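Please look at the sequence and the model before reading on.

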Amino acid sequence: MHEIADVVFNITSVHLRVLEPTKNVIPFQDATMGPFSAFGLALITLEDEDGVVGESPVNGGYTNILENCLLPILLHSNGLPYKEIYHRLYWSIRNEGFRGPASALVGQIDFALHDLAARKMGVPLHTYLGGTRRDVKIYASGGGTNYSLQQLETEVGLFLERGVDCYKMKVGKDFGTRLAEDVERVKFVRGLLGRDIKLAVDANQIWSCEQALRFIDLTAAEDLAWLEEPLHSADYEQIGRLCKESPLAISYGESERSALVFPNLVSLGVRHLQPIPTQLAGIREWMEVRDLAAGAGLDFSSGGYSLYTASLMAAVGGDYPVEYLYDILSGLESYFEVRPLWENGRFVLPDVEGIPVRINWEHCLKENKVIKAQTWTRKNTREYRPTVSL
């Protein structure tokens, strides 16, 4: 494992590029949003004085935070080690809040800095972080609330052919108003999977505690692996009540933007932690949640942009799974010239420096797939000046 704390970064330019959304396999809907017919990807690219780059998926809709807080620090901190740069980045967003998009943007830049550091060292990111294996388990994700039974059957068949041992589907149809139909769909999918494949469900925060308990009771015979975010993620009192009364494992974490929240979730009785690395304030925070889960004997998984997340999952002990929402994410693979390969229920990582993904930028530019591009350098970025907004 390489220690990034004392690595000196001299960032000379930052590029933001937004790729044209790619069509989903099926327009995708969950309990509270959709249907989504397409899905996009934006990348932030950091380039240092030697021309080495680091990249990360980024939320491209918050350039004001980038321009006012993060990039002035990043581009005017030559000669400073990572630990000092990260400290300045983190505290620059205090007034923007540590539990929203500003925190996630810090994490996305942190991911790109780790990628750059690994590339300069000439090793894959998972190796840089101490990992010794090149493959990670996949858990299949899909089953939109708008899927017909035939579409569910087709998707389940695809995943089974590719060797997954767990499938997660959406419930809470039509803002949680179709509980009986949710139950029937779960029973239908269990019939397709058989009893040897795990089945999990995700309600995207739509139910009350009473509705969630009713659903758990009606699906007790289906041997569900976990129920994901059944209640509003901020309703700690009711989450604690549900965890106390539920025989089924309750999972949370995708909505969080700070690792400091997760001990509270554990104290409430959450038994499956699901942080997304590019939604927390850095790789270290994601690792802290993983260590928390391991220390408490809890289940742990992670999703987001799965092909990027795979490099982190390969760096930690334990055979924890990466979520792969095939319907939405598979279309983006047309932009990749290098990526992890899906083999027998696992992602096998390529032997490349840094992250296990390479965008084919030449193809994207030639085919006009870059729909927005912006570049910052020291010349067009002022030095950092704290601002106060009330």
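The model is predicted, so local features need pLDDT of at least 70 and side-chain atom pairs count only at pLDDT 80 or more, while totals for chains, interfaces and linings use all residues. Residues are numbered from 1 along each chain as its sequence is written, and side-chain values use heavy atoms, with hydrogens and water left out.

Both kinds of space are found on a 1 Å grid over the protein atoms alone: a cavity is a set of points where a 1.4 Å probe fits but cannot get out, and a pocket is an open set with protein on both sides within 12 Å along at least five of seven lines. Lining residues have an atom within 4 Å of a point. Points are joined across faces, edges and corners, and a volume is the space filled by probe spheres set on them. In the table, Ala, Val, Leu, Ile, Met, Phe, Trp, Tyr, Cys and Pro count as nonpolar, Asp, Glu, Lys and Arg as charged, and the others, Gly among them, as polar.

| Space | Volume | Lining by class |
|---|---|---|
| Largest cavity | about 70 Å³ | eight nonpolar, one polar, no charged residues |
| Largest pocket | about 1,200 Å³ | 17 nonpolar, 13 polar, nine charged residues |

The structure holds one cavity of 30 Å³ or more. Its lining consists of Leu41, Tyr305, Ser306, Leu307, Tyr308, Tyr324, Leu329, Leu332 and Phe336. Helices (H or I, at least four residues) and strands (E, at least two) are DSSP runs, numbered from the N terminus. Helix α12 (residues 306-313) gives the most to this lining, with three residues.

The largest pocket is lined by 39 residues, of which Phe39, Glu254, Arg257, Ile276 and Gln279 are the closest to its centre. Elements that each supply at least two lining residues include α3 (101-121), β5 (166-170) and β11 (321-325). Strand β2 gives the most, with six residues.

β2 pairs with β3 in the antiparallel sense over five bridges; pairing requires at least two bridges found by DSSP. Leu43 stands opposite Pro57 in β3. Four residues lie between the strands of this hairpin, where Gly51 takes a positive phi near 85°. Four of the five residues of β3 (residues 53-57) are buried, so β3 is largely enclosed by the rest of the structure.

Conventions: Buried < 20%, exposed > 50% of the residue type's maximum accessible area, 1.4 Å probe, protein only.
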